[in-house]
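User: Hey, can you walk me through this one? I'd like the overall layout and then a closer look at one helix.

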Amino acid sequence: MTFVPLQPPDLPPIRARGTPRCRGCGLPRSMCLCGALPRLAVRTRVVLLTHRIERTRSTNTGRLVARLLEGAEVRVRGEIAPRARPPLPEGRRLVLYPSPGARALSPDDARGGPVVLLVPDGNWNQARRVVHRDADAQGAEPVALPQGAPSRYGLRRAPHEGALSTLEAVARALGLLEGPEVERRMMEAFDVWVHRATCVRLTGKLTDGAAAPGAEDGAEALVVREVDGAESG
C-alpha cells in the first residue's frame with residue numbers, strides 16, 4: 001500500500017503586515033512553535049477530516065494535532081481536483097461529533113482492538129456536512145465528549161456554549177482514551193500557541209519583543225492526504 005503525502009499549503013501572509021507564516025503551526029516564522037512541540041505516541045489513530053478552507057486559516061488548530069500526535073492524519077475535503085482516497089487505518093471507527101443519538105465517549109472505548117478516531121475539522125456547518133457526506137465517516141459510530149470545562153481558545157467566536165476548538169476536542173477525547181498525561185501535554189502546547197497567536201493579533205510580536213524559539217518552518221512533519229468528493233452546499 002503506497003500513500004502519497006502532500007506538503008501543507010503555503011499559508012497566505014498576515015493581511016495587516018504581510019508577514020509570512022509557518023506552514024506547520026500557522027504562526028509568523030519568527031514566532032514558530034514547531035521546534036518546541038513534543039511528539040506524543042498514542043495508540044488511537046486520529047484522522048482529521050479537514051475542510052479545504054480550514055487548511056489555510058491561521059486560526060486552525062487541526063494542524064497542531066497533526067504536529068503533536070504520532071500517526072495522526074489530515075484528509076482534506078472539498079478540493080477542486082481531489083486525489084484518490086487511501087484506505088483508513090485498521091480499527092474500530094468512531095466519529096467525534098455531537099450529533100443526535102451520539103453516545104458519550106468513555107475510557108471503555110480504548111479496550112479491545114485499535115480505535116480510529118475521525119474528527120471533523122471546520123466550522124459547525126462544515127463539520128455537520130462531513131459527518132453526513134464524507135465516505136470515511138459513513139458507518140462510523142458517533143460519539144460525543146462528556147460535559148467539561150469551557151474552551152480556552154478565544155481566537156474565534158464560539159457558535160454555542162460548550163463549543164471547543166479541534167485541538168481541545170481531540171485532547172479531551174485522548175484524555176479518555178489514552179490517559180490524562182496526553183491531554184495535559186496537548187493543552188500545554190495549545191495554551192502557548194493561543195498566547196502567541198493572540199500576540200500576533202494585538203502587536204505582531206511576543207510581549208517581551210523577542211523572537212520566539214522554534215523551527216523556521218514546520219512543514220516537514222505535517223502529513224496531508226487528499227480525498228475524493230468535492231464539498232458542496
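This is a predicted model: local features need pLDDT of at least 70, side-chain atom pairs count only at pLDDT 80 or more; totals for chains, interfaces and linings use all residues.

User: In what order do the elements run from the N terminus?
Analyst: The order is β-α-β-β-β-β-α-β-α-α-β.

User: And what share of the contacts between residues at least 6 apart joins residues at least 24 apart?
Analyst: That share is 76% in the protein chain.

User: OK, now α3. What's its span?
Analyst: Helix α3 covers residues 166–177, so to speak 12 residues, and reaches 16 Å from first C-alpha to last. That is close to the 16 Å expected at 1.5 Å a residue.

User: Is α3 mostly covered or mostly open?
Analyst: Mostly covered, with 11 of its 12 residues buried. Among them are Glu168 and Arg172, along with Leu167, Val170 and Leu174.

User: Which elements cover those buried residues of α3?
Analyst: The cover includes the strands β1 (45–51), β3 (92–96) and β5 (115–121), plus the helices α1 (62–68) and α4 (180–202).

User: Last one: which residue just after α3 takes a positive phi?
Analyst: That's Gly179, with a phi of about 120°.

Terms used
Residues are numbered from 1 along each chain as its sequence is written. Side-chain values use heavy atoms; hydrogens and water are left out. Helices (H or I, at least four residues) and strands (E, at least two) are DSSP runs, numbered from the N terminus. Contact means heavy atoms within 4.5 Å. The expected span of a helix is 1.5 Å times one less than its number of residues. Buried means under 20% relative accessible area, exposed over 50%, partly exposed in between (1.4 Å probe, protein chains only).
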